Amino acid sequence: MKNKYLLLFLVILSIISIFIGVKEVTFADILSLQDQAVLIILQSRIPRLISIIVAGMSMSICGLIMQQITRNKFVSPTTAATIDSARLGMVVSLIFFSSASTFHKMAFSFSFALAGTFLFMTILKRIKQKGTILIPLLGIMLGNVIDSTATFFAYRYDLIQSANSWLQGNFAMIIKGRYELLYLSIPLVILAFLYSNKFTVAGMGEDFSINLGLNYKQVVNIGIIIVSIISSVVVITVGRIPFLGLIVPNIVSIYQGDHLKKSIWATALLGANFLLACDILSRIIIFPYEIPIGLVVGVIGSFIFLYLLIRRRTA
Amino acid sequence: MIEVKNLTKIYGDKRVVDNVSLEIKKGKITSFIGPNGAGKSTLLCMMSRLLKKNEGDVYIEGKELSQWKDKDLAKKLAILRQFNNINIRLTIRELVSFGRFPYSEGNLTDEDWKYVDEALSYMKLKDIEDKYLDQLSGGQKQRAYVAMVIAQNTDYIFLDEPLNNLDMKHAVEIMKILRSLVNDLGKTVVIVIHDINFASCYSDYVIALKDGRIAHEGSIDHIIESSVLGEIYDMDIKIENIENNRICIYY
């Protein structure tokens with residue numbers, strides 16, 4: 001039922017999004033098939049809309065998967081070194097292949113994201129004190145170390161400008177031909193849907209999973225691979241979007257619980273809605289200029305994150 | 001029947017479980033007792049594939065543990081441990097429905113739901129089936145997990161310290177349920193238990209471990225004996241017969 005409202009809301013926001021921009025496009029322009037209006041819609045507005053929806057959905061689902069397989073509500077690609085590793089991978093690919101193609105960047109950032117996340121999971125397994133707050137803090141620390149490494153090499157090789165452009169997520173650069181890589185995350189999102197029951201069982205812990213005959217390690221590894229690919233794809237095309245994978249699954253968990261089969265739809269829809277709303281906001285606050293969406297998401301997201309932290313304390 | 005042969009677990013240079021051989025008879029409650037660090041839980045975990053063994057074999061109905069497929073074994077044997085550390089937000093009904101995971105991978109058929117409903121009513125959880133686990137008391141949670149195991153419909157049910165953190169009322173409730181699972185549904189139950197009086201009143205067979213080895217095993221009459229328990233626990237334990245139960249006094 002709630003999903004219906006989320007879907008309706010998404011449609012409304014999508015329509016608003018299409019008609020917001022420096023170049024005024026009205027509904028009548030499209031109906032009369034005015035060349036310039038159609039061109040803007042097809043080349044810029046719709047690609048932007050699609051990329052926001054895909055990124056919003058897939059990053060939220062990434063967070064959901066991470067939280068399930070680490071059994072910690074505050075772990076997400078941003079707090080588990082995944083995103084930072086993806087960025088390091090991109091810097092490395094630029095160092096070795098001065099004009100790295102998108103595919104190169106993709107391959108490198110994916111392998112680094114995968115390695116970084118596995119490193120985090122290995123550390124997680126080793127530490128005895130599994131405090132709810134301690135684990136994401138550890139992930140953030142590890143992420144910062146990796147991020148500093150990336151920045152160091154970026155300075156050494158004069159790549160700091162390109163490296164920083166991925167720091168802040170931004171949809172302003174999205175035009176036709178530069179976002180299609182994002183489509184790669186769609187099959188992975190479908191895979192996540194198919195695995196939703198298995199991720200739920202994995203979320204009950206290794207002992208529980210073995211008891212129910214689930215191949216725990218395999219499911220965890222598949223989860224990490226899905227998260228790493230999606231994260232690197234999003235970082236390459238859009239940039240870093242903080243907090244999204246952290247707060248969206250947490251909000252859904254409060255009212256829908258953690259049965260993924262039930263909550264994964266709501267998570268995907270809410271993620272798309274949230275990101276789209278932030279994007280619209282980032283476009284109208286200092287109209288006709290734009291604030292990077294990463295900034296807007298960061299500001300709003302950190303407040304929601306704080307609220308979730310305090311709520312958990314008192315609960 | 002479950003047969004354990006020369007089972008051994010080594011941590012560092014300590015043999016936590018040392019060359020243990022035993023048999024679990026069908027249709028009985030078997031209790032593992034013994035002091036802390038005797039290797040009871042380790043033994044139970046190895047017998048149920050939660051823990052890798054260093055040496056030895058476990059035969060479940062004649063087939064070695066490693067020969068079983070994960071999914072088939074999950075229909076034969078269920079193990080529950082550490083009830084209290086799950087922090088996933090599921091309703092009781094959702095949790096119990098995962099007991100059918102080995103059969104349907106989460107896409108439950110009408111028959112699966114029948115098992116879920118039966119398990120819920122068996123554990124008297126029907127009224128609160130839509131409550132989330134984090135809203136439940138310790139006793140209710142425990143019942144929910146046992147309901148999941150009932151829905152899993154295995155012949156063998158292993159429980160690691162099922163009475164942990166329960167008050168007397170709920171502890172008795174759980175033990176009575178285990179008793180009726182054996183008597184009414186013909187299940188085979190193996191528990192690790194610390195309270196020897198609960199072991200004495202509710203189990204059919206007792207296996208006492210000490211320092212990773214079996215110190216004694218046998219029926220209640222044989223094990224709940226001053227001399228036997230005194231040797232296992234290194235303390236004076238008096239035994240009184242009260243209403244046909246052998247009660248230990250050691251306070």
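A: Begin with the elements: helices (H or I, at least four residues) and strands (E, at least two) are DSSP runs, numbered from the N terminus. By that reading, B:Gly218 has its place in strand S10 (residues 213-219) of chain B. This is a predicted model, in which local features need pLDDT of at least 70 and side-chain atom pairs count only at pLDDT 80 or more, whereas totals for chains, interfaces and linings use all residues. Residues are numbered from 1 along each chain as its sequence is written, while chains are lettered from A and ligands numbered from 1 in the order in which they are written.

Q: Is B:Gly218 buried, exposed or partly exposed, and with which residues is B:Gly218 in contact, leaving aside its neighbours within four places in sequence?
A: Burial is a count of other C-beta atoms, placed from the backbone, within 10 Å of a residue's own (20 or more is buried, 12 or fewer is exposed, in between is partly exposed). B:Gly218 has 14 such atoms and is therefore partly exposed. Its contacts (C-beta atoms, placed from the backbone, within 7 Å) beyond four places in sequence are with B:Val206 and B:Ile223. The C-alpha atom of B:Gly218 is also separated by 5.7 Å from that of B:Tyr205, which is 13 residues away along the chain.

Q: Where is the place of B:Asn244, and how do the strands on either side of that loop pair?
A: Strands pair if DSSP finds at least two bridges between them. Strand S11 (residues 238-242) of chain B pairs with strand S12 (residues 245-249) of chain B in the antiparallel sense over five bridges, and B:Glu240 stands opposite B:Ile247 in S12(B). The two strands form a hairpin with two residues between them, and B:Glu243 in the turn has a positive phi of about 45 degrees. B:Asn244 lies in this loop between S11 and S12 of chain B, and counts as exposed because it has 6 C-beta neighbours inside 10 Å. S11(B) itself is hardly covered, since the count of buried residues among its five residues is zero. Further along the chain, the C-alpha atoms of B:Asn244 and B:Cys201, 43 residues apart in sequence, are separated by 9.1 Å.

Q: How many of the five residues of strand S7 of chain B are buried?
A: In a regular strand the side chains alternate between the two faces of the sheet. In strand S7 (residues 156-160) of chain B, five of the five residues are buried, so the strand is largely enclosed by the rest of the structure. Both faces are covered, with B:Tyr156, B:Phe158 and B:Asp160 on one side and B:Ile157 and B:Leu159 on the other. S7(B) pairs in the parallel sense with strand S6 (residues 77-80) of chain B over four bridges, where B:Tyr156 is the bridge partner of B:Leu77. S7(B) also runs parallel to strand S8 (residues 188-192) of chain B, to which five bridges join it, and B:Asp160 has B:Val192 in S8(B) as its bridge partner.

Q: In what order do the strands of the open sheet of four strands stand?
A: The order is S2-S1-S4-S5 in chain B, with antiparallel pairing. Strand S4 (residues 55-60) of chain B meets S5(B) over two bridges in the antiparallel sense, and B:Ile60 stands opposite B:Lys63 in S5(B). Helix H1 (residues 40-47) of chain B lies across strand S1 (2-11), S2 and S4 of chain B, running at about 120 degrees to S1(B).

Q: At what angle do helices H5 and H6 of chain A pack?
A: Axes are lines fitted to C-alpha atoms, for helices over the stretch in contact, and angles run from 0 to 180 degrees between N-to-C directions. Helix H5 (residues 102-126) and helix H6 (residues 134-156) of chain A pack at about 140 degrees, with their axes 11 Å apart. They are therefore oblique to each other (under 35 degrees is roughly parallel, over 145 roughly antiparallel, 65 to 115 roughly perpendicular, the rest oblique). The contact is made by A:Gly116, A:Phe120, A:Ile123 and A:Leu124 of H5(A) together with A:Ile135, A:Leu138, A:Gly139, A:Leu142 and A:Ile146 of H6(A).

How values were computed:
Contact = placed C-beta atoms within 7 Å.
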